[in-house]
Amino acid sequence: MYHVIFLSLKLMFERKRQTFVSIIGVSIGVAAFIVMASLMNGFQKYFIEQAIDLNAHITLKVKPDNNPQEIVKLFFGRDTIAKVYGYKPKEEKDKITNYKYIIEKYSPSSDILGIAPHLTSQVIVRYGTVEKAGNLIGIDPVLERRASVIDKFITNKRLNDLLSDRNGVILGRLLAKDLGIDEIGKKVIITTPNGNQQIFKVIDFFESGITNLDQTRVYVNLRTAQSILERPNEVNELIFKIKDVNMAERLAKKIHNETGYYTESWQYAYKNFLQIFKIQNYITYMIVFAILVVSAFGIFNIIMMTVMEKKKDIAILKAVGYEEGDIIKIFVYQGFVVGFFGYLIGSVLGYSIQEWLSSVKIDVEGLVRSKGFILDRSVVYYIYGFFFSIIFSVLASFYPSYKASKLNPVDIFRSG
């Protein structure tokens, strides 16, 4: 065994430059995989965690009926092919009639941690001459805490002020910024779709890091929302916080079947983003795969050239008793060594890039906001990097090794 390893290393050191280039190629592939996977998954995990924390695991609401062909099919039969040119939406009250019963029914469930009612509506928020659209959410602060982690995103932790100050409002940080408000205590005017206006005092800010939410969220007391919207004792949404977020789909279906209301899990609410994340992952892995394939071709070329140049040496080895398996091992070991050292250097390089990225302080503005790059520094990427580098390197070296093992020493000696 040792003589096989010795011969393998000797052949490698005879071609130092080419071996070094092969190791660098594998290193770049491993480092690229570690850094890209860390960046992509870091961003995705951050977004999903924020989305799960900020939004309901399950949302129960009234689903508007937007199928104008349904009434035609009900009257003329399901097989009817109809085209509707004019349609007036069904006048359906956007409210959950028995929401208190639903809360009482599901609150004792061991799978459900909390349920909170919402009354939501689109509104216009005005400060001075500046007007911005917002999404008004009337909440009960006590129940809201059980069904979400809203406190985590309230800047000054003054959510309880909504209980004592019915004219208090919590604005999304970006919405407040767009209005020109940078401190609490300012007065804003909120106009509802039915034309009602009311003056509110800004008591805190909501800052989640997700741009879309921070630009639109407007929290007020539930009773105040019912009053200004002229909908006493009404809610149009229930949010559920559950113990296991992966059970959201199943529980949503169960609640829908039992209540008859439309329910939506967090996975369904964010399905577009989850699809985008899948595409991002495919692109990342394809790029890394391409880098490793190029590196593998480099290893293949170097070992193939070695085999071509060392035909006489291989013939001598076979003449003195080396088996085909020994010849294969000599060259496969070279691929393994290149892959192993490529992995070591690539891991150090990837780790160094991660350290540098984590130290960079920049304002990232987009789907999410942060003060720097969001990294997922899992050791799993290093383990995957090890297997990828070894597998690609060994596979690249196997064919030249096989060709070398099949050389006939008699033919080589005759050819001179």
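Glu234 is buried in this predicted model, because its relative accessible area is 12% and the cut-off for that word is under 20%. Its salt-bridge partner is Lys95, and the closest N and O atoms of the two are 4.0 Å apart. Lys95, for its part, counts as partly exposed, at 28% relative accessibility. Where in the chain do Lys95 and Glu234 lie? Lys95 sits in the loop between helix 3 (70–76) and helix 4 (99–106), while Glu234 sits in the loop between helix 9 (222–228) and strand 8 (237–242), so the pair ties together parts that are 139 residues apart in sequence.

The search of the whole structure finds eleven salt bridges, and another of them joins Glu183 to Lys186, at 3.3 Å from N to O.

Which helix gives the most to its lining? That is helix 12, with four residues, and helix 1 (2–13), helix 2 (16–54) and helix 14 (324–359) each supply at least two. By type, the lining divides into six nonpolar residues, four polar and one charged, and among the residues of the lining are Arg15, Ile299 and Gln334.

Finally, an unreviewed UniProt entry lists residues 330–353 among its "transmembrane region" spans; in the model, residues 330–353 are 100% helix, with end C-alpha atoms 35 Å apart.

Terms used: Residues are numbered from 1 along each chain as its sequence is written. This is a predicted model: local features need pLDDT of at least 70, side-chain atom pairs count only at pLDDT 80 or more; totals for chains, interfaces and linings use all residues. Side-chain values use heavy atoms; hydrogens and water are left out. UniProt positions are given in the numbering used here, feature names are shortened, and annotations may be inferred rather than shown by experiment. On a 1 Å grid over the protein atoms alone, a cavity is a set of points where a 1.4 Å probe fits but cannot get out, and a pocket is an open set with protein on both sides within 12 Å along at least five of seven lines; lining residues have an atom within 4 Å of a point. Ala, Val, Leu, Ile, Met, Phe, Trp, Tyr, Cys and Pro count as nonpolar, Asp, Glu, Lys and Arg as charged, and the others, Gly among them, as polar. A salt bridge is a side-chain nitrogen of Lys or Arg within 4 Å of a carboxyl oxygen of Asp or Glu. Buried means under 20% relative accessible area, exposed over 50%, partly exposed in between (1.4 Å probe, protein chains only).
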